Amino acid sequence: MRTFALMAVLMCTATVCLAATVPVSETNAKLWLRHVIPLPQEVSLERAVTVAPEDVVVAAVEGSSDVVMRGTRLLMGAIVGEDGEPAQIGSFEIRLGVAGEGTPEARRLSNLPNPDQAYSIAPDGEDGLLLTGLTERGVYYAALTLRDLIAARARADRLTIPLVTVTDWPDMAERGEWGGSCAADVEWLAAHKMNLIETHVDLGVDDQGKGTAAISPELVDLGRMNALKVVPIITHLEQVERTGMFDALPQTQGQGDAEKWAKIGHVRPACWSQPDTVRVLGDWMVELAEQEHVTDICAWLSENAVKCECDVCADQNQFALETAAILAGYERAKQVKPEIGLRILLTQGSYASNDVVLGLVPPGVGVTYYHGGKTYDSTRDPMIYPLLEDYSRGGNWLGCYPQLTAAWRIVCPWSGPQFIRYRMNEFVDKGLDCLCGYATPHNKLYEFNVIAAAEWSWNARGRDEHEFAAAWATRRGISDPESAADWAVMLGPVGWDVYGSRVPYSAFFGRAASVIKGRRALQPGADMLRYFETPEKLDEDLAICEAALAIAQELDEPVMIAETQVIGGYVTMLKMLYDMGLIVSDPEPPSEPERAQLGEQMHTLAQACLDVVDGLNAWEEAAGKGVGGSRLRDTIAVTEQTARDVGKALKPFGVQDPGAAFGKIVAGEWVSDDFEEELRIVKTWEVTEAVSGADTYQARFNYRSGWHGLYSYRVALASATAENPEDLTELAADEHPGTAAVRNNGNVYTLGLDEYDPKLRYFIVCDIRGTRSSDKPMNRRGCNGDCSFGRVRVPGELLPTMPLLPVAASEAARYQGPNFEGDGVRVGVVQGGYGSEALLRHLQAADGVQVQPLYHLVPDFISRCDVIVLPQARFAEGFPAAAAGTLEQFVAEGGGLMATHDAVGFRGLPVICAEVCAGGADKVRDKSWRVAEQHPVTAGLPDGELAMGYYDFIGLTPGSAGMTVATGVPGGQPAVVCGEVGEGRYVACGAGTWRVGWRSVSGAAMPRRHRPRSMRRRC
């Protein structure tokens, strides 16, 4: 490629020089540079030239690559517009090209970090600029930087071109995303100097048993033209069944317990000791390597620890087998394309074996760290743990898959400069080579955080949070960037407090409401209040939200207003949950003033819930209608459900939920099998529960899973008498085409009810069309979802104040403690844990025992019991701090205690009676268990293996006085330990209580008649 020295001499006599050089102040330079994201590493801007657009020539070195020419055209667009004709002769020339080998510029750039992307921009006197890179990518990035600077001050008749000096390079070699909308956002990502997307491809196995893999060549080439690498993904290896491999090659299917596999990810693993399995994986890698411009392949290890249990695989590490198979396939791919690269994705499944995997990975093969609970994380905890930190510092290639959002499962707004800067600085400081962020479901919802990741993965020590936010606001065209930056810097940490405490995911997926239902109190600084260390912190964050909302409203920015409303609403809900917990957890019944407080708190929580829902809908509307997809609908649903469940939990106190009238129900579901015979069908679902008066109602179709979405055409609201529910009378209808899928369109149907009769039953009749799955490839099946239904609320509508009702008799009884009458062992079952209610019902059906619920672990109530059953608490922080000592004293004085699963002393729950069981050691996924010692606990149980009722148990550490009476199979770890403490007995059962069908049963599946005997007080 020719160097600048070979470029033609500009013919200065062909035009009159109209350029005028002006100084640029430090303040003006700072404002000007806000138009460039990311900020260059080294930049000086002291002078500028004003010139007419037609006097600017943009020229690339003759013979430049198509990538350089693409950058050149982008730069020209800032000067003459997308449709304008570039000047051929002019008074100001911008020249672009790759630095010649051995030139001073080449030597200088080659000494920078990541030199293949380094570039420089330098004035060429007063009438030109030279843009130089060590490679075509560097030149492309130089063009982007100058384009943004010129576009910032461009007018139709005049350009102000900075005579800027730039030396720039990225701190991290690869910066990009996987999933979400990244494949549709290649040019947008590249405009911010992101240079990577990783994307799923079509994997299959043909009739001859050969693996097939296809990636869009157009996508790969679009990426290449924008200096962005498109890396194909070979999906999680336990999911290869979906490719049709087992149908074409039955011998590749793993052997083992299908029932156990169904409990761990609903997959059937492949046998990675089978040569054909390894060969098909290699076929996929070879086909991808043969694709023009594919430079790397990413192979994902299994996401679940589920493996083949054939004679060869059984004694080998699952992830060692998978890694070996990947490396074997890679060797085949290198025969097709020697320069092809490989990266292996670690997972939560491989986490315990990551050291084994790293030991197998040879030099030159990259490793990317992913873990569903540790990299999809918004806490303030470091992400790269010591094993990987040492691996990176050892000169090995390491990437990471972090979420750039509030959570992977829910979709909530968050512009978090502090969060993103912290995470990117950690990656740079620990020597990572690759950021592959996750922003689901669409970048339009998380523009701020994605651009922030581009900023600080390129230049980790450049702008601070305020200055970046001001740059973002400047590029967005916000009228007052300083105020917008104030807003982001104020609200960002509050969002971090909320989302870092896992609100709403996973706290609002049943746990928040269970606090009130279980009559517990939230503990500041723990669990869903992790970053609310004191009650006052909740009030402080609410005050910040109020101030931030005032800024957003003054700027009249809908996205900012909606985000503030959502985050403030969640903080309000947390504050109400905390305040409610203080009242309901008191062993004394609430006074009338306290009941009134509960009513006010319920009203505030219900209103905050609606504010969150309004904010989420407004946020999506402002960002791009429909971009929230099914996960946004899920977020709304779980938020609403939390408020409704709290209302139900407070109902026994006489508190009414003012938001209940607007609650949504799941009217019905559709599944793949519905469409096997006919594609277009009519579904009729009853909605009487959600119809409470003459009003406007909405039915919403929600895609849940599968390759295919749903088409909808018409929904009608109908009524029928209780005696003849099949004789429907249509009352209202909404007819229009709709789609419920990852992207929704017209999936909501509005129905007006003019007259309401409480004696009638109400139904919706839905005309829908799905997709037949049986004739589709294994990896393209499934059409599943549901239809929600409820009253329509006008956004901003305030809820009514509801009067208090009398306290329910059952609630009054809670505060009197268990009331035993008659003969038999007196058993108290602690409520508020996993399986508490089902265990209560189960034991109440047993002979020879009196069984009562136990809500408050106070000495008076405990002392009335002979035996206490302590199921695992739903969250460790909700377990009363003093309860462990009270229970130990109960046992020492002659009581019997049985704890299940984590309640044995694991994952934050206290160890009780350590002389019998010193706590849990680890989660164990043995498929069965067996009696280890004869004991009253095990009397009558058969020898041999017994089935587990749940997919794991807690392996126990016996104390000095503990006897192991049951162990897991095949691992042999203690599953049940018992022993005497003082005058009483303690049984630690590592197995859990879990839902099986409609009820919860012991994970150890002990016959009912043995439980009371095992827990009977010593006489």
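Colleague: Which residue stands opposite Thr729 in strand 24?

Modeller: In this predicted model, Ser719 stands opposite Thr729.

Colleague: What makes strand 23 and strand 24 a pair?

Modeller: Two strands pair if there are at least two bridges between them. Nine bridges join strand 23 (residues 710–720) to strand 24, so the two are a pair, and they run antiparallel.

Colleague: What is the order of the strands in the open sheet of four strands?

Modeller: The order is 21-26-23-24, and the pairing is antiparallel. From one strand to the next, the twist averages 20°.

Colleague: Why do strand 21 and strand 24 stand at the edges?

Modeller: Strand 21 (680–686) and strand 24 (729–740) each have a single partner strand, so one side of each is left without a neighbour in the sheet.

Colleague: Which strands close into a barrel, and in what order?

Modeller: Eight strands do, in the order 10-11-14-15-16-17-18-19, with parallel pairing. The twist there averages 25° from one strand to the next.

Colleague: What makes strand 10 and strand 11 a pair?

Modeller: At least two bridges are needed. Strand 10 (residues 174–178) and strand 11 (residues 196–200) have three bridges, in the parallel sense, so they pair. Glu177 has Ile197 in strand 11 as its bridge partner. Helix 10 (residues 318–336) packs on the sheet and touches strand 15 (296–300) and strand 16 (341–345). The direction of helix 10 makes about 165° with that of strand 16.

Colleague: How is the packing of two helices described?

Modeller: By the angle between their axes and the distance between the axes. For helix 13 (residues 417–429) and helix 14 (residues 447–458), the axes come within 9 Å and cross at roughly 35°. This crossing is right-handed.

Colleague: Which residues of helix 13 meet helix 14?

Modeller: Among them are Phe419, Ile420 and Met424, while the residues met in helix 14 include Phe448, Ala452 and Trp456.

Colleague: Why are Cys917 and Cys978 called buried?

Modeller: Buried means under 20% relative accessible area. Cys917 has 0%, so Cys917 is buried. Cys978 has 3% and therefore counts as buried.

Note on methods. Residues numbered from 1 in each chain as written. Predicted model: local features only at pLDDT ≥ 70, side-chain atom pairs only at ≥ 80, totals over all residues. Heavy atoms only, no water. Axes fitted to C-alpha atoms, helices over the stretch in contact; angles between N-to-C directions. Left-handed = near helix turned anticlockwise from the far one by under 90°. Contact = heavy atoms within 4.5 Å. Buried < 20%, exposed > 50% of the residue type's maximum accessible area, 1.4 Å probe, protein only.
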